[in-house]
Amino acid sequence: MPLTIISGASQGLGKTLADKYHLQGHDLVLLARSADKLGEIAGSHNSTPIREGQTTLPYTIDLSNIEQCKRLGKYIESKDFKIDNIICCAGSAIPKLYQDLTLEEIDDGINTNFRTTAYLLHELLPYVIDKGHIVLTSSTVAFYPLPGYGQYSPMKCAIRALADTLEMELHPRKIHVHTFFPGNFASEGYIKENLSKPEITKLIEGPSTAISVNECADILIKEINNGEHYIHTDTVGWLLACFSLGLSPRCKWYLIPLQIIIGILGTLLSRLINIYHRSLVE
């Protein structure tokens, strides 16, 4: 049966995905820093197996720590695990104007939003089966960094670049690389983010209603199964992706002509949008 490894699995999107993959009969290895939360999730899964022999293993780890990630790789090797899916969900934002951030908060953004994914994949890719799946979680702000996300959006741009690199490098192994660009979704992290979010950020974002974390997880799983490279949760995110196509993977083949048309329009309109947003900042 499939083995799926999920980082950031103690809460939010990671936990929701863990529950859904458990119900699909997957064996799971759940990664996070919170031993208590992971233990509760694993205990719940293991007490309600969907099939005989199904197992959820909790593994407490700081994925921004190189030595701990090396130990995880050795653990996977010692168990002779063959990984079908790696889903990288670890991450969080501290929305503030850049000058209001502390250096410690900037460093935390690098650790939580980039190193956790880069280190994990480096150590575990040798154990992913050919034709397996890996998911890197970026964000809509990777296409248009807004004021207030200086601690967050640069790392999500880096995740996008890493995913595009791996999509090329892993092609000989037919490993499917999916980059997830969610908009706002209602999770513990989203509630915390709104406590420090600057007013200018709220103004530019506009009055958008966050989708549920359950809906967010369903969209991701559906598009993974559809083989989509770039996965979005809303139309705005998809449009912003069209504005910055470059050499990145395209969406479903029948939508590529529409993407190109929107991309051309984007070159004309995006500067006007940017000028308008600058006027709001002033």
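1. Let's begin on the outside of α2: the face turned away from its buried side carries the exposed residues Asp36, Glu40 and Ser47. Please keep in mind that this is a predicted model.

2. Leu38, Ile41, Ala42 and His45 are the buried residues here. What do the buried residues of α2 pack against? Their partners are α1 (12-23), β2 (27-32) and β3 (56-60).

3. Cys89 is 75 residues from Gly14 in sequence, yet their C-alpha atoms are 5.6 Å apart in space. Leaving aside neighbours within four places in sequence, Gly14 is in contact with Ile6, Ser7, Gly8, Ala9 and Cys89.

4. Thr16 is also found in α1. Is Thr16 buried or exposed? With a relative accessible area of 15%, Thr16 is buried. Not counting residues up to four places away in sequence, Thr16 touches Val213, Asn214 and Ala217.

5. Next comes a pair of helices. α3 (residues 66-78) packs with α4 (residues 103-124) at an angle of about 30°, and their axes are 9 Å apart. That angle is why α3 counts as roughly parallel to α4. The crossing of α3 past α4 is right-handed. On the α3 side, the contact is made by Ile66, Cys69, Lys70, Leu72, Gly73 and Ile76, and α4 supplies Tyr119, Leu120, Glu123 and Leu124.

6. α4 has a further partner in α5: their axes come within 9 Å and cross at roughly 15°. This makes α4 roughly parallel to α5, and α4 passes α5 in a right-handed crossing. Which residues make the contact? From α4 they are Gly109, Ile110, Asn113, Phe114, Thr117, Ala118 and Leu121; from α5 they are Met155, Lys156, Ala158, Ile159, Leu162 and Leu166.

7. Staying with α5, this helix has 17 residues (153-169) and reaches 24 Å from its first C-alpha to its last, close to the 24 Å expected at 1.5 Å a residue. Its buried residues include Ser153, Arg160, Ala163, Asp164 and Glu167. Among the elements that cover the buried residues of α5 are α4, β5 (128-137), β6 (176-181) and β9 (230-232).

8. Finally, look at the loop between β5 and α5, where Thr140 lies. Thr140 counts as buried because its relative accessibility is 12%, and the cut-off for buried is under 20%. Thr140 and Thr233 are 93 residues apart along the chain, with 9.1 Å between their C-alpha atoms. Not counting residues up to four places away in sequence, Thr140 touches Phe181, Pro182, Gly183, Asp234, Gly237 and Leu240.

Notes:
Residues numbered from 1 in each chain as written. Predicted model: local features only at pLDDT ≥ 70, side-chain atom pairs only at ≥ 80, totals over all residues. Heavy atoms only, no water. Buried < 20%, exposed > 50% of the residue type's maximum accessible area, 1.4 Å probe, protein only. Helix = DSSP H or I, 4+ residues; strand = E, 2+ residues; numbered from the N terminus. Contact = heavy atoms within 4.5 Å. Axes fitted to C-alpha atoms, helices over the stretch in contact; angles between N-to-C directions. Parallel < 35°, antiparallel > 145°, perpendicular 65-115°, else oblique. Left-handed = near helix turned anticlockwise from the far one by under 90°. Expected span 1.5 Å × (residues − 1).
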